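Welcome, and thanks for taking a look at this one with me. Below are some notes to read with the structure open beside you.

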Amino acid sequence: MLRMKNIRKIYRTELVETHALEDFSLNVDAGEFVAIMGPSGSGKTTFLNVAGLLDVFEGGVYELDDKDVSKLSDREMSHIRNQKIGFIFQSFNLIPDLDLFDNVDIPLRYRGMPAGERKTRIEKAAEVVGLSSRLHHLPSQMSGGQQQRVAIARVLAADPKLILADEPTGNLDSLMAREIMDLLDEINRRGTTIVMVTHSPECAARASREIHLFDGRVIDVERPPALFGGALKSAK
Amino acid sequence: MEFGPIIRALKRNKVRFLLIVVQIAITLAVVTNAITMIRDEGQKMLKRSGFDDDNIVWVRSKPFSPAFKDQAYRISTVNADLRAIQGIPGVVAVANTNFLPWQGGGSSGEMAVGGGDGSKYRTQTYTTTPGILDALGVHLVSGRLLRDTDLDDDPNSKAPATVIISRDLEKLMFNGKSAVGRQLLDSGNSISNIVGVFDPFYNPYGWPIHEYAVMFAGHVSRSGAMYLVRVKPGTMKQIAPLIEKRMLQANNGRNIQMQTIDEIKDRYFTQGRIVRGAMSMVISLIVLVTGLGIVGVTAFSVTERRKQIGTRRALGATKGAVLRYFLLENWIVTNAGLILGVAAAYGLNILLVTKTAGAKLDWRFVVAAVVLLWLQGIIATLIPAMRATRFSPVIATRGE
C-alpha cells in the first residue's frame, strides 16, 4: 500500500538546515494497522505530511497503492488525497460554520459525486459513528469525542484505501479515546489500511505493528541509538 | 458548485457579510442616482434657450438721484434710455424688462383661460417694453408684436393688460387652438388680452415651467430700470462701453451695471459644475471604499480560515477549488447586495423626484452600475482569494 525508500525531507531557513527525514524507508502492506511512535522532533508529523502528499520531499521514491507519487503536480496530489487518502487530525479539523452533514460532504463534493450518492454515504457513515441524530448539528454543539467521530465519518464516507491519523485521541479523555480506537479497529477490520501517529502506548498497542522514529529515521527498538540507551526499548 | 454549504455558512456569519451586502446596496443606490444627477445637470448645460445669448447684454440703471422717486421721471428716463441705446450703431434692439435669462428663476404666477373651465396653469410672468422679441432674437409666430400704445404703467388701472405668450404655453392652455384674441385671468381675476405668440422660449426655473412665459406690456423702473440689449455679432466689446456712456450722458444721477448673458449663463452653471464635480467625487469615493471593504472582508476571511483552507486542501481541494470557493462566496454576497441595491436605487430616486424635483432614474444606469459593481466584486475578491490558493495543505496538520 505504502512504500517509501530513502526519502529525504529538509526544512531550510536562512541560517539552518533541518533534516526532518533522512534516508527514510518504510513499507506498509494493505490492510495493516501501523502505529508510528517517537519523541517530539523525531519526524512523525513530517512523515505524515509526506505520506499524505501534503508536503513535497527532496529525494527518494514513494509509491502509494502501487503508483509512484514522487513527482506529481499539485493538482495530481490533490486528486490522490481526495480519492485514496483519509485524514484524521488531532484537533478534528472540522469546518465550524458547517454542520455534520456538510462537513462529511466536503471530500465527496471534491470528488464530483452525485447528490443522491453523497447523501446515502453521509447518512451511512453517520450511522456507523453513532451520530445519525446529529446530522444538522454544528461542531460547536458537539463534544470533542463526537467531533472526532464526525471526522471519522468524513473518512468513512469517502472510503479511502489509506487512513492517516495524526494523534487521533490526543485531545480526548480516556473513555472517548477508547471509543475512537474501537472505531479505528472496526474500520481496519473491514480492510482499510491505517497509519497512526501517536504518543500513547495504549493506542499504539491496538495497532498490528509499531514503528519507532528517531531523528528522521526508522529505528530498531531492540537496538536503540546509543544516546538514549535502552529508553525506547523500555517504553515498548 | 458549493452553493448550498456556502449559503448555509454565510447564514451563520450574518453580521460580517450583511455589512458588505448593505455597503454594496448603498453604493448602487448612490452611484445610480449620482450618475442621473450628473447626466441631468449635463443636459441642462446643453439646453439652448433659443435666445441670441452670445450677443445680448443686460444693463441695469441703479439710481441715486432723488428725482427717480417720481414715477413719471423714471418712465421718461427709461424712454430716453431706450432711444439713446437704440441710436447706437450696431445695436439691433433694446427692451426695458425685468426678464433676465439664465438665473434659474424669475417671477411666476397662475393663469387661467378667460371663459375657460377655470384650470390654472403656472407660468413665468414678466413685464417688458415692445422691443423684447428682437432683443432676445426670438420670433413672433402669430398675432402681433407689443406696441408703445399697449404700455400700461398705472398700478390701479382696471383696463385689461396686453400680453404676448410663448408658444409652449399656448399649446398647454389652449389645446392647440390659437391664443391670439383670447384672454388670461390671473389669481386676482385681472384680465389680460393676448395679442401675440412667440417662439422659442426656454428659461430654467425652480418649477417645471421652463418653456412657459407671459410678457406683459409695461415699463420696469421701480427699483432701477433694467434693459436687454442685443447687438450685431462680434460688436459686443465695442458697443458695451458706448451703452454706459450714452446712458450716463442722458442721466448721470445713477450708476450703470452691465453683464453679458454669457457671463450670467456661466454663473448659473457654476452650481451645476459643482454638483457634477461633487457627484463624481462621491461616486469615485464610494466605489473605492466598497472595493476596499470587499478586499478587507475577504482578506480577513482568508486569514481567519487559514486552517480551514489547509483542511480543505488535505481533503482534496485543488487550488482552483479554493479560488472558486471564495469567488462564489463573494458572488453570492455581491448579488444579494445588488438585488437590495436596485430596490434602494429606485426608492432613493422616488424620494429625489418627489422631494427635490430630481430626474427619473434611467434603467441603463442601473444595469451599468450593477455590471460595474459585479466586476468590482470579482476583482476585489481575486487578490485575497489568490493568496488563499497559495496556502499549503500542510497547515492542516499544524497546531492552532
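1. B:Arg8 and A:Asp102 form a salt bridge, and their closest N and O atoms are 2.7 Å apart. Please keep in mind that this is a predicted model.

2. Between chain B and chain A, 12 residue pairs are in polar contact, with both residues at pLDDT 80 or more. On the chain B side, α1 (3-11), α8 (306-314) and α9 (319-356) each supply at least two of the residues that touch chain A. Helix α8(B) gives the largest share of that side, six residues. Sorted by class, the side of chain B that touches chain A has 10 nonpolar, seven polar and eight charged residues.

3. Next, the extent of the contact. Chain B brings 25 residues to the contact and chain A brings 27 residues. The area buried between the two chains is about 2400 Å², and carbon and sulfur atoms give 54% of that area. Which three residues supply more than any other three of the area that chain B buries against chain A? They are B:Arg12, B:Leu315 and B:Thr397, which supply 27% of that area.

4. Chain B also has a nonpolar patch on its surface. The patch has about 930 Å² of accessible area together, and among its members are B:Phe3, B:Ile7, B:Trp331, B:Tyr346 and B:Trp374. Helices α1, α9 and α10 (363-389) of chain B each supply at least two residues of the patch. The most comes from α10(B), with six residues. B:Val367 belongs to the patch, and its place is in helix α10 of chain B.

5. Now to A:Arg111, in the loop between α3 (100-110) and α4 (115-128) of chain A. Leaving aside neighbours within four places in sequence, what is A:Arg111 in contact with? The answer is A:Asn82, A:Gln83, A:Arg121 and A:Ala158. Along the chain A:Arg111 and A:Asn82 are 29 residues apart, while their C-alpha atoms are separated by 6.8 Å.

6. Over all chains, the structure holds 25 salt bridges. One of them joins A:Asp185 and A:Arg206, with the closest N and O atoms 2.9 Å apart. A:Asp185 lies in helix α6 (residues 174-189) of chain A and A:Arg206 in the loop between α7 (201-205) and β9 (209-214) of chain A, so this pair ties together parts that are 21 residues apart in sequence.

7. Two backbone details are left for you to find on screen. In chain B, the peptide bond from B:Asp199 to B:Pro200 is cis, with omega near -5°. B:Pro200 is found in the loop between β8 (191-199) and β9 (213-217) of chain B. In chain A, A:Phe92 has a positive phi of about 70° although it is not a glycine. A:Phe92 lies in the loop between β6 (85-88) and α3 of chain A.

Notes
Residues are numbered from 1 along each chain as its sequence is written. Chains are lettered from A and ligands numbered from 1 in the order in which they are written. This is a predicted model: local features need pLDDT of at least 70, side-chain atom pairs count only at pLDDT 80 or more; totals for chains, interfaces and linings use all residues. Side-chain values use heavy atoms; hydrogens and water are left out. Contact means heavy atoms within 4.5 Å. Buried area is the accessible area (1.4 Å probe) that two parts lose on being put together, summed over both. A salt bridge is a side-chain nitrogen of Lys or Arg within 4 Å of a carboxyl oxygen of Asp or Glu. A polar contact is a pair of N or O atoms within 3.5 Å; within protein, one must be able to donate a hydrogen and the other to accept it, and residues adjacent in sequence count only if both atoms are side-chain atoms. Helices (H or I, at least four residues) and strands (E, at least two) are DSSP runs, numbered from the N terminus. Ala, Val, Leu, Ile, Met, Phe, Trp, Tyr, Cys and Pro count as nonpolar, Asp, Glu, Lys and Arg as charged, and the others, Gly among them, as polar. Patches are made of residues with over 30% relative accessible area and no salt bridge: like charges are joined within 9 Å, nonpolar side chains (Val, Leu, Ile, Met, Phe, Trp, Tyr) within 5 Å. Accessible areas come from the Shrake-Rupley method with a 1.4 Å probe; for residues, only the protein chains shown count as cover.
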